[in-house]
Amino acid sequence: MKIIDEVKNAASIAISGHIRPDGDCVGSVMGLYLYLKKELPGAEVDVFLEKPAEIFDCISHIEEIKSEINTDKIYDVFIVLDCADDRLGDAGPLFENAGKRINIDHHISNPGCGDVRIVEADRSSTAELLYDLMDADKIDREIATALYIGIIHDTGVLRYSNTSPRTLQVAAELIKYGFDFSDIIQKTFYEKTYVQTQIMGRAVLESVRFMNNRCIVSMVSRRMMDFYQVGPKDLEGIVNQLQVVKDVDCAIFMYETGTLEYKVSLRSNGSVDVASVAMKFGGGGHVRAAGCTMNGTYHDNINNLSKGIAEQLNIK
Ligand code: 5GP
Ligand code: MN
């Protein structure tokens, strides 16, 4: 199946992804946007997303992302990428009202939504899946750059276990378009500002291990975020840093989003299915990387998450 067959008769198409967009979400949304604009020059193609982090400014036409939403508008087709309709944020009503609703995702926790559901949980990233839904000869350097960013961010630069032979083949095809992949990896994945490094250091310093050192947890409060003058986008990567500690099976990181409200990130080495833990609290994700939003104190949240984790690790 090719995506163009699903949308070629549409006069208006909207594309969106999840709130707090990560590299795969931004890369997929922009890759598909650039592709459809090029393939369907007569159609109106719009892209809606929460403002991405500045590191993604290297993606062409990223400034065309719209944040103002006219919920009365009815699109012929609405494509939701890298999530289900429950994490669309303000673009949710546009999806509901669209003539045809398409969902393309790779999250095991997503049962699919809309009229056309392409959810492949064995894909490293939505960007990898999208590559196979595009005609390779219609891809250009700008589209390739966006898709490549999606793949490297969701695979930790082709390193996590979700990297398959197909992932590497797609990445190999993409770098043939000649963008500076080494620079893109450095600038979008590894490089951190000084304050981002400082707050990561602080979170690591204040981390605590429990469950026989098999779990590690840390938290960043609103006061800390105010002190370092950082926002949620600056906290990317902290949970992965906790997960690399020797003998840790499961890492938990949370930051305060409101009064008694925390955004939780979970990572595991595979011995805990963190998607199932996150789903208990209304979240989701993958076996080794998942998230949710929790209400309650920091310690209550740790206790509640620990129950599901301890069960899986057979710890009484
Ligand atoms: P992160 O911890 O980096 O925010 O997210 C890890 C993975 O879990 C990503 O694939 C992300 O899309 C997913 N995820 C994070 N938070 C939520 C959530 O609240 N709901 C759902 N369904 N998925 C989430
Ligand atoms: Mn993804």
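Threonine 126 counts as buried because its relative accessibility is 0%, where buried stands for under 20% relative accessible area, exposed for over 50% and partly exposed for values in between, with a 1.4 Å probe and protein chains only. The model is a predicted one, in which local features need pLDDT of at least 70 and side-chain atom pairs count only at pLDDT 80 or more, whereas totals for chains, interfaces and linings use all residues. Side-chain values rest on heavy atoms, with hydrogens and water left out, residues are numbered from 1 along each chain as its sequence is written, and chains are lettered from A and ligands numbered from 1 in the order in which they are written.

Threonine 126 is found in helix α4, helices being DSSP runs of H or I with at least four residues and strands runs of E with at least two, numbered from the N terminus. When residues up to four places away in sequence are not counted, threonine 126 touches Asp24, Ser28, Leu81, Asp82, Ile104, Asp105 and His106, contact meaning heavy atoms within 4.5 Å.

Among these neighbours of threonine 126 are Asp24, Asp82 and His106; the protein donors of the manganese ion (ligand 2) are Asp24 (OD), Asp82 (OD), His106 (NE2) and Asp154 (OD), which lie 2.2 to 2.3 Å from the ion. Donors are taken as N, O and S atoms within 2.8 Å of the metal (3.2 Å for Na, K and Ca), and sites may look incomplete because water is not among the atoms. The spacing of the donor residues in sequence is D-x57-D-x23-H-x47-D. Distant parts of the chain are linked by the pair of aspartate 24, in helix α2 (residues 23–39), and histidine 106, in the loop between β4 (100–105) and β5 (116–119), the two being 82 residues apart. Aspartate 24 counts as buried at 0% relative accessibility, and histidine 106 counts as buried at 1%.

Helix α2 packs against helix α4 (residues 126–133) at an angle of about 20°, with the axes 8 Å apart; axes are lines fitted to C-alpha atoms, for helices over the stretch in contact, and angles run from 0 to 180 degrees between N-to-C directions. The two helices are therefore roughly parallel, given that angles under 35 degrees count as roughly parallel, over 145 as roughly antiparallel, 65 to 115 as roughly perpendicular and the rest as oblique. The contact is made by Asp24, Ser28 and Leu32 of α2 together with Thr126, Ala127 and Leu130 of α4.

With helix α5 (residues 141–154), α2 packs at an angle of about 160° and an axis separation of 7 Å, so that α2 is roughly antiparallel to α5. Residues on the α2 side of this contact include Gly23, Asp24 and Gly27, while those on the α5 side include Ile149, Gly150, His153 and Asp154.

Glycine 23, placed in helix α2, is buried with a relative accessible area of 2%. Apart from residues up to four places away in sequence, glycine 23 touches Phe56, Ile149, Gly150 and His153. The C-alpha atoms of glycine 23 and leucine 147 are separated by 9.5 Å, although the two residues are 124 residues apart along the chain.

Aspartate 86, by contrast, counts as exposed at 62% relative accessibility and has its place in the loop between β3 (77–81) and α3 (92–97).
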